[in-house]
Amino acid sequence: MQIQLTDSAVKKINAGNPLIQKEDLKNTPATLPTTWVELTDSRGKFVARGYLGEQNKGLGWVVSFDQTSIDQVFLIRLFNEAKMRRAHYFNDPLTTAFRVFNGEGDGLGGVTIDFYADYLVISWYNQTIYQLKEELIASLRHVYPEVAGVVEKNRFKQAKQESQWVAGTKPVEPLIVKENGVNYAVYLNEGYMTGIFLDQKEVRGRLLETSAGKRVLNMFSYTGAFSVAAAVGGALETTSVDLAQRSLPKTQEQFTVNGLAVAQQKIIVMDTFEYFRYAARKNLTYDLIILDPPSFARNKKKTFSVLKDYGRLIEDSVEILADQGVIIASTNAANFPKKKFQQTIEQALQKQKVTYQLKTTFRLPPDFPAVKQLAESNYLKVLVYEINK
């Protein structure tokens, strides 16, 4: 099937941007095709091949920028090339969980694949790519004959089931994976999340190297992965705060699988801003505060948005930071550009009348390649500030 593009879309695609938006099409089909399509200019001349599938980023993806057909041979080559680019991770006995295929960054938007100690977790982000999955999974099994099992996460709104096994055997859970020598307990078939965000591996690596002797506060802690890395790195104490009730047993488990005494760690189920007020009342201070909130969250009382509320997080963190301390500020919000994120943080620090220095910046690690021409594909922004009060 042929799909005609606007002139501006042709320019964008020829410049290397693979994302197709609704406004890029001359005419949007009433029903999106569930096959690979040929994209042409207004005169019918070939531009690229790809597919149309509605997801939060747009309406489809370019997959081949030339006349090459998208078939099993093409897909096997794509997955093989991505696997070879991760040779460093496959050869590292201290790390057994990482991303092996990162959507558009590896040449096929709408799907990501993670490796967890001999198991693959595939995430489908739109209905079209999901309907093409048989060919993709067959190609993937050809490239990864050694994997024990495959589970899928269906992250598109039409999905009837969040997570399910599609091939192989199921592991005994929790499955223990390693990252920089630290153990993490993961559950591959519990909803969308597994228990660890793999894109933060370099930040956790920094915590291993820089946490010795520090009092560490981990806000929006989820399963406490940052806290565990800090504790293994020699932190004097860690405090993990998250509103979700599940965070308590999940975080306890992460310490346990590393042989760390849970009783020596503080794990608190509480709203973040309430904890800031509590800590201020109790005169608690921390040498290192980690802020990694969700882009948006809602509870019974209020909503949280990184775009609206990140400045408050920084201001409240300064109130309970040691006289010489560090704040690790993180967001995965694709609609929060790095420049604006940095401005938000530094305006809050200026408001608190402290001196500060940006020491380190982290973006996505090498196993999460991004497309240079598509800024939102490099969504992760982590800024590390040294602060003097």
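Is Trp124 buried or exposed? Trp124 is buried, at a relative accessible area of 1%; buried means under 20% relative accessible area, exposed over 50%, and partly exposed in between, with a 1.4 Å probe and protein chains only. The model is predicted, so local features need pLDDT of at least 70 and side-chain atom pairs count only at pLDDT 80 or more, while totals for chains, interfaces and linings use all residues. Residues are numbered from 1 along each chain as its sequence is written, and side-chain values use heavy atoms, with hydrogens and water left out.

**View 1. Aromatic pairs around Tyr89 and Trp124.**
Rings of Phe, Tyr and Trp (its six-membered ring) pair if their centres lie within 6.5 Å; planes under 30 degrees apart count as stacked, over 60 as edge-to-face and the rest as tilted. By this rule the model has 18 aromatic pairs. Tyr89 and Phe98 form a stacked pair, with 5.3 Å centre to centre and 25° between the planes. Tyr89 is buried at 11% relative accessible area, and Phe98 is buried at 1%. The pair of Trp124 and Tyr130 is edge-to-face, because the ring centres are 6.2 Å apart and the planes stand at 75°. A cluster linked by ring pairs holds Tyr89, Phe90, Phe98, Phe115 and Tyr144.

**View 2. The largest nonpolar core.**
A nonpolar core is a set of buried Ala, Val, Leu, Ile, Met, Phe, Trp, Tyr and Cys residues joined through side-chain atoms within 4.5 Å. In soluble globular proteins, nonpolar side chains tend to be buried together. The largest core has 38 residues, of which Tyr116, Val177, Tyr184, Leu188 and Ile328 touch the most other members. Elements that each supply at least two residues of this core include strand E11 (175–179), helix H6 (201–210), helix H7 (225–232) and strand E19 (321–331). H7 gives the largest share, 6 residues. Helices (H or I, at least four residues) and strands (E, at least two) are DSSP runs, numbered from the N terminus. Contact means heavy atoms within 4.5 Å. Beyond its neighbours within four places in sequence, Ile328 is in contact with residues including Val203, Leu207, Leu288, Ile290 and Leu383. A second, separate core of 36 residues includes Tyr89, Leu132, Ile137 and Leu374.

**View 3. The second largest pocket.**
On a 1 Å grid over the protein atoms alone, a pocket is an open set of points where a 1.4 Å probe fits, with protein on both sides within 12 Å along at least five of seven lines; lining residues have an atom within 4 Å of a point. Grid points are joined across faces, edges and corners, and a volume is the space filled by probe spheres set on the points. The second largest pocket holds about 180 Å³ of space. Among its lining residues are Glu162, Tyr187, Glu190, Met193, Tyr222, Arg246 and Lys250. By class the lining has 4 nonpolar, 4 polar and 4 charged residues. Ala, Val, Leu, Ile, Met, Phe, Trp, Tyr, Cys and Pro count as nonpolar, Asp, Glu, Lys and Arg as charged, and the others, Gly among them, as polar.

Most residues other than glycine have a negative phi, and most peptide bonds are trans.

Lys170 sits in the loop between strand E10 (163–168) and E11 and is exposed at 59% relative accessibility. Thr344, in helix H11 (residues 338–351), counts as buried at 17%. Thr344 and Asp309 are 35 residues apart in sequence, with C-alpha atoms 9.5 Å apart. Glu386 is in strand E21 and is partly exposed at 36%. The C-alpha atoms of Glu386 and Gln324 are 7.4 Å apart, across 62 residues of sequence.
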